[in-house]
Protein chains: 2
Amino acid sequence: MKRRDFLTKAGAGAALGATLAGSAGTAAAQAQPVRWRMATMWPKSLDAMHGSAETFGRRVGEITEGRFNISVTAAGEIVPPPQVFDAVQNGTIECGHVLSTFFFGKNPAIGFDAGMPFGLNARQQAAWMYHGGGLQALREVFGKFGIVQFPVGNVGVQMGGWYRKEINSVADLQGLKFRIGGIGGAILAKLGAVPQQIPPGEIYTSLEKGLIDGAEWIGPYDDEKLGFHKVAKFYYTPGWWEGSAQVTLLVNQKAWDALPAPYKSAVECAAGEQYMRMMAEYDAKHPNALKRLVAGGAQLRQFPKPVLDACYKATQQVLGEFAAKSPEFKKIYEPWQRFRDDQNLWFRVAEHALDSYRYSVK
Amino acid sequence: MKRRDFLTKAGAGAALGATLAGSAGTAAAQAQPVRWRMATMWPKSLDAMHGSAETFGRRVGEITEGRFNISVTAAGEIVPPPQVFDAVQNGTIECGHVLSTFFFGKNPAIGFDAGMPFGLNARQQAAWMYHGGGLQALREVFGKFGIVQFPVGNVGVQMGGWYRKEINSVADLQGLKFRIGGIGGAILAKLGAVPQQIPPGEIYTSLEKGLIDGAEWIGPYDDEKLGFHKVAKFYYTPGWWEGSAQVTLLVNQKAWDALPAPYKSAVECAAGEQYMRMMAEYDAKHPNALKRLVAGGAQLRQFPKPVLDACYKATQQVLGEFAAKSPEFKKIYEPWQRFRDDQNLWFRVAEHALDSYRYSVK
């Protein structure tokens, strides 16, 4: 039936919620039940992160009338966090819920998925993913691993981490044993720091035992749960290495290809919803957590400008090196830079102008 | 089956995309077909806005296997834009896609849905809606009209509009006939301007004929399509009256109540997805539109600080008046202010700190 026909025939007084029999979707066309397993990299205590994965799975179940069931498991229940990528790749599980920055060693181009140091902010990242060519460009990168990826969350700019001693100059980074995931670590190494890759569940103990001098995770809400303020009191901002930390749904390519079309659409839709909702939850919960941390003894500090300048310079150097050695990185890097510059131009004109005024009054 | 049972029985080598028969969702449980009509307030030429409504409808159709069909119609096809609210309320149509700011005259508390002058930015608005009590608070307001509302998009901070003459001082607002929707108009009136409510399709002609001295719509991408730069060359920023312009899906309460649970979930999910995707599309498309407008003769201007200060002061006055006369407004206003202040505190610490640095380099 053409839309025009429908409009004419149904007329303006059409019954509310009219139930029509015999339309396109009949019981015969119903897609068959499917069951998937998802491993997240997060302990259940990180309820904004792991909780978002659970809400995603529940939503897919609801909208498919219980026929597409995604069983969501927390860190280590069926797959240890560092192995989630491989488990999806080899089909041990159908999907994973990850910060892909942990896997940038497989190809530095993966860094564009998680978010680049001094890169796009969360809104700019969404713009790049959905309307700037990002999703398609990254599909090629992940495709080489037999994986189809979907943005499924974002935590925004991270905090700059917890330190036992103040960072007053670039020299203070020398020899600093700092827990950090992803590309940020490679950049800090250029400045003499010694990056440590430690899963979230083990950071506190490493810090308490003095095995490391500092650690970053996400921001106030999760950091408070992990208790870092009890073992390292200087809390720095901003987390320049992740101006936007995008969270990613990794799906095994064969599992994806085998999925009925309505379920594919359900995955895309529910992932898109969580992309917005996770960010909203973190934004809503960070302020009070920050207040509690400061009340509990955390000392808030901003990285001095010379430190940020040195980090910015080292970032350009590291990204240049990646571009020189990874064709996949190079292919994305140049258009990404243009997109970023355009975004920054536009955000300066409107969003930043109003935000700056709003933050300056009262 | 309990999750633990499943994990044990299925084992780690479970087949990819396993198709299981006889699970919870069988053909017998399938929800019956439903057909809805949606009226948007937008001409089809505003493809980011009207297009988002169409994508929403298509998505709901996909994930319900074509059984829940939402027929999306553009401005005036079945309902004139200013009557969409009433048409949803009285059940002529099941749902509408609107900027609720056009309807704040029904109750000023509706302003919290569209976004308040000098209020929350887009991310803060989402945080308030989903995790700050906003959605529930506004459900009470819309509920009195027999309407259930869902956030279904956001366009971010708007531009400050197009003017035939420069705005150099507060005195320049005196007698200014300015097309503006919503609460911003009430505030400008305090400063001597004469706000005009004109639907988007008629703004250009009014400006061309000199019936008005200026007009605001959204931002570069839509403004370019509407051609305002040809008839008023001074393009001001920021659009302080809408720091976040949230777009709303209005649903007739009875139609909603009659909807099968999986379709309700599909509406919520697809609306959440569009909340993020519409913002991403505008963010991606504004920069090049802005460049073209400037190349085409638009003169970019920032409102002078004394003008912003006067507008800010008038805003507090108008919102105070609303609180004095509308109990619904007052009930939301106080907790909303606390939420806003907390959000601004947090955004200053992290997002704004990094954005400011990023925008300052190179």
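The charged end of R139(A) lies over the ring of F150(A), at 4.6 Å from the ring centre. Chain B shows R139(B) with its charged end over the ring of F150(B), 4.6 Å from the centre. These values come from a predicted model.

**Aromatic rings**

A pair of aromatic rings is described by two quantities, the distance of the centres and the angle of the planes. Over all chains, the count comes to 56 aromatic pairs.

An α-helix has 3.6 residues a turn, so residues three or four places apart point the same way. F329(A) is buried, with a relative accessible area of 0%. Y333(A) is buried as well, at 9%.

One aromatic cluster is formed by F118(A), Y163(A), F178(A), Y236(A), W240(A), W241(A), F303(A), Y312(A) and Y357(B).

**I147(B) and its contacts**

I147(B) is placed in strand β4 (residues 147–154) of chain B. Its relative accessible area is 1%, and because buried means under 20%, I147(B) counts as buried. Leaving aside residues up to four places away in sequence, I147(B) touches F85(B), V88(B), Q89(B), F142(B), L250(B), V251(B) and Q253(B). The C-alpha atoms of I147(B) and C95(B) are separated by 9.1 Å, while the two residues are 52 residues apart along the chain.

**Helix α8 of chain B**

Helix α8 of chain B covers residues 200–208, and P200(B), I203(B), S206(B) and L207(B) are buried in it. Viewed down the axis of α8(B), the buried residues fall within an arc of 95°, so they line one face of the helix. What do these buried residues of α8(B) pack against? Their partners are β6 (177–179), β8 (214–215) and α9 (220–226) of chain B. After α8(B) comes G210(B), which has a positive phi, near 75°.

**Cavities and pockets**

Rolling a probe the size of a water molecule over the atoms shows where empty space is left. The structure holds eight cavities of 30 Å³ or more.

| Space | Volume | Lining | Closest to the centre |
|---|---|---|---|
| Largest cavity | about 230 Å³ | 18 residues | R123(A), M276(A), R123(B), M276(B) and M279(B) |
| Largest pocket | about 300 Å³ | 20 residues | R59(A), E273(A), R277(A), Y130(B) and L135(B) |

Which elements give two or more residues to the lining of the largest cavity? They are α5 (122–131) and α11 (261–295) of chain A, together with α5 (122–131) and α11 (261–295) of chain B.

For the largest pocket, the elements that give two or more residues to the lining are α2 (49–63) and α11 of chain A, together with α5, α6 (134–143), β4 and α11 of chain B. Helix α11(A) gives the most to this lining, with five residues.

Conventions
Residues numbered from 1 in each chain as written. Chains lettered and ligands numbered in written order. Predicted model: local features only at pLDDT ≥ 70, side-chain atom pairs only at ≥ 80, totals over all residues. Heavy atoms only, no water. Phe/Tyr/Trp six-rings, centres within 6.5 Å; stacked < 30°, edge-to-face > 60°. Buried < 20%, exposed > 50% of the residue type's maximum accessible area, 1.4 Å probe, protein only. Lys NZ or Arg CZ within 6 Å of the ring centre and 35° of its normal. Helix = DSSP H or I, 4+ residues; strand = E, 2+ residues; numbered from the N terminus. Contact = heavy atoms within 4.5 Å. Arc of directions from axis to C-beta. 1 Å grid on protein atoms, 1.4 Å probe; cavity = no way out; pocket = protein on both sides within 12 Å on 5 of 7 lines; lining within 4 Å. Points joined across faces, edges and corners; volume = space filled by probe spheres on them.
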